[in-house]
Amino acid sequence: MAESVTAKNLALAKAINESLRRALETDPKVLIMGEDVGKLGGVFRVTDGLQKDFGESRVIDTPLAESGIVGTAIGLALRGYRPVVEIQFDGFVFPAYDQIVTQLAKMHARSLGKVKLPVVVRIPYGGGIGAVEHHSESPEALFAHVSGLKIVSPSNASDAYWMMQQAIQSDDPVIFFEPKRRYWDKGEVDTEAIPGPLHKAQVVREGTDLTLVAYGPMVKLCQEVAAAAAEEGKNLEVLDLRSVSPLDFDSIQASVEKTRRLVVVHEAPVFFGSGAEIAARITERCFYHLEAPVLRVGGYHAPYPPARLEEEYLPGLDRVLDAVDRALAY
């Protein structure tokens, strides 16, 4: 097959930048707001150059006030705009939690469907960058528990580009979790491709012995686990969820009915994490197919540790391989 003439090799952060640029170019109602998103271009340079090219009225540097940022975005959405707001780090989102769960998530239902709030809340999340407290959280389950929000997380540059396009075009609010440790991972992005559905999971490695399910930063780890397991003759399937709410249970079920074993991996704590819902639902759906209990690998039920200890806290190759071995031992 001939290589696409519209494909580019981009880092994940640059793919988001180009997606935001395209949205600003094509829709005058798209605005970008956040702390340091303008002149600085964001602390990770995800919005680099956008204020220079589109002006301070469309790429807006805000005060350090997350509740105000989201509240202002809600007001702008009520007036017909499509704001894309950045929460600078995952742990900074909690001052805005009230606005997100009591206003942003509820307005559509409160108005009996008459009001739409097309707001995207960008949140760099997860660990692996050696940061200080409040800079390495994984709070996706807190938002997934709230109806009225879409929760997505890309794992690669192509998905980052296209999922951001789809999130901005959505008439419903989207919490867009960006795996910050993967910002510099490069991949091919075809900017003229036809993307698949936003909330559809994707098989990124075919297998027959066990299914690894992950999203965001853990997809790459699961691919590395599958490659290591292959050296021992184990054939693992890796499924990239891409969306946490809604969850594509049909794709998970189809994979598990083939492999008969499931391990769910995420950075967030295992206790009451998204993996718990997946484990419960797949146990209900696939009870007569499963050869082993659904296992979960994730962070510990403890505050995120100092940088020197984060490798012990985060799921790694050995911890996931141990779960694979335990599942295959049944």
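I looked up the partner of Val84 first: its bridge partner in strand 5 is Val120. Strand 4 (residues 82-86) and strand 5 (residues 120-125) run parallel and are joined by 3 bridges. Strands here are DSSP runs of E with at least two residues, helices are runs of H or I with at least four residues, and both are numbered from the N terminus. I count two strands as paired if DSSP finds at least two bridges between them.

The model is predicted, so I kept the limits in mind: local features need pLDDT of at least 70, side-chain atom pairs count only at pLDDT 80 or more, and totals for chains, interfaces and linings use all residues. Residues are numbered from 1 along each chain as its sequence is written, and side-chain values use heavy atoms, without hydrogens and water.

I read an open sheet of 7 strands in the order 3-2-4-5-7-6-12, with mixed pairing. Strand 3 (59-61) and strand 12 (243-245) are the edge strands, each pairing on one side only. On average, neighbouring strands of this sheet are turned by 20 degrees against each other, direction ignored. Helix 1 (residues 12-26) packs on the sheet and touches strand 2, strand 3, strand 4, strand 5 and strand 7; contact means heavy atoms within 4.5 Å. The direction of helix 1 makes about 135 degrees with that of strand 2. Axes are lines fitted to C-alpha atoms, for helices over the stretch in contact, with angles from 0 to 180 degrees between N-to-C directions.

Then strand 8. Strand 1 (residues 7-11) pairs with strand 8 in the antiparallel sense over 5 bridges, and Lys8 has Val189 as its bridge partner there. Buried means under 20% relative accessible area, exposed over 50%, partly exposed in between (1.4 Å probe, protein chains only).

Last, the rings. I found 13 aromatic pairs, where ring centres of Phe, Tyr and Trp (six-membered ring) lie within 6.5 Å; planes under 30 degrees apart are stacked, over 60 edge-to-face, the rest tilted. Phe44 and Tyr183 form a tilted pair, 5.0 Å centre to centre with 50 degrees between the planes. Phe44 lies in the loop between strand 2 (30-34) and helix 2 (50-54) and Tyr183 in the loop between strand 7 (174-179) and strand 8 (186-190), so the pair ties together parts 139 residues apart in sequence. Phe44 is buried at 16% relative accessibility, and Tyr183 is buried at 1%.
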